[in-house]
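Let us walk through this structure step by step. Keep the sequence and the 3D view side by side as you read.

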Amino acid sequence: MATDRGIIFNIQHFSLHDGPGIRTTVFLKGCPLRCPWCANPESQKRAPEPILDAVTNRPTTIGEEKTVDEIIFEVLKDIAFYEESGGGLTLSGGEIFAQFDFAKNLLKRAKEEGLHTAIETTAYVEPKKFSELIEYVDFIYTDLKHYNTIKHRQVTGVKNNLIIENIHYAFEKQKQIVLRIPVIPGFNDSLVDAEHFAKLFNKYQINEVQLLPFHQFGENKYKLLGRKYEFTDIKALQPEDLIPYQQVFCEHGINCYF
């Protein structure tokens, strides 16, 4: 596929939670991780795929090819809102590095247009590609799902070594970054887990983390895709459930928030 073309599954205007200000979020298909709690399971496969429409329950296809020019044209429709609010373009997914050349070219064009850029990423990619792409990025959201590489691989399908290396690099370069832990029951939600996370962050001089309590927002999408959802009977977590978990980080001098 040409580097000026990629597969996306949504363009969301007036996003308020994907970076500073009012933003347009472009969702790219494809992700090397297979997190069973994923809220966007339609993003995991790179190619367009069949799905039932959430309203009509009729078969349709999710994912379409778009060029950099087509997306930038769409994003620039709301430039007045970006200028007023300090917003801009956010690339999400999926995993944007699964379409590395396309994502890089899209971000580069956005910077040429004077747009503020943000990404949401697993940071699972070769360090050279990570450092190359974030030169065009103003704001980064990323997760660390587990501190133990074996357990990380058992559940997500990939090791965490590249992720940790890239997160460390972003902090070293003083990029504006929000590091998050999705707290998942039975996976990383014990106080022992919190202690291990905190010690790892102390090692890399990371002093701030956001907790994302487990939710089931994506459950219906699994049904529409004809896939099994593994967390049907697992109760969602609320911030108040994680106060002791949060306190562990605070005891290690880490600003931990929801």
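Start where two helices meet: the crossing of α7 and α9 is right-handed. This is a predicted model. Two packed helices are described by the angle between their axes and the distance between the axes. Here, α7 spans residues 191-203 and α9 spans residues 243-251. Their axes come within 9 Å and cross at roughly 25 degrees. Angles under 35 degrees count as roughly parallel, so α7 is roughly parallel to α9.

Which residues make the contact? From α7 come Leu191, Asp193, Ala194, Glu195, Phe197, Ala198 and Phe201. From α9 come Pro244, Tyr245, Val248 and Phe249. Sort the residues of this contact by class, and you get 9 nonpolar, no polar and 2 charged.

Now turn to helix α1, residues 68-75. Its buried residues are Val68, Ile71, Ile72 and Val75. They cover an arc of only 100 degrees around the axis, so they sit on the same side of α1. On the other side, Asp69 and Phe73 are exposed. What do the buried residues of α1 pack against? Their partners are the strands β1, β2, β5 and β6, along with the helices α2 and α3.

Strand β1 holds our last stop, Ser15. Is Ser15 buried or exposed? Its relative accessible area is 2%. Buried means under 20%, so Ser15 is buried. Leaving out residues up to four places away in sequence, Ser15 touches Gly21, Ile22, Arg23 and Thr25.

Finally, look back to Phe249, one of the α9 contact residues. Ser15 and Phe249 are 234 residues apart in sequence. In space, they are 30 Å apart, C-alpha to C-alpha.

Methods:
Residues are numbered from 1 along each chain as its sequence is written. This is a predicted model: local features need pLDDT of at least 70, side-chain atom pairs count only at pLDDT 80 or more; totals for chains, interfaces and linings use all residues. Side-chain values use heavy atoms; hydrogens and water are left out. Axes are lines fitted to C-alpha atoms, for helices over the stretch in contact, and angles run from 0 to 180 degrees between N-to-C directions. Helices (H or I, at least four residues) and strands (E, at least two) are DSSP runs, numbered from the N terminus. Angles under 35 degrees count as roughly parallel, over 145 as roughly antiparallel, 65 to 115 as roughly perpendicular and the rest as oblique. A crossing is left-handed if the near helix is turned anticlockwise from the far one by less than a right angle, and right-handed if clockwise. Contact means heavy atoms within 4.5 Å. Ala, Val, Leu, Ile, Met, Phe, Trp, Tyr, Cys and Pro count as nonpolar, Asp, Glu, Lys and Arg as charged, and the others, Gly among them, as polar. Buried means under 20% relative accessible area, exposed over 50%, partly exposed in between (1.4 Å probe, protein chains only). The arc is that of the directions from the helix axis to the C-beta atoms.
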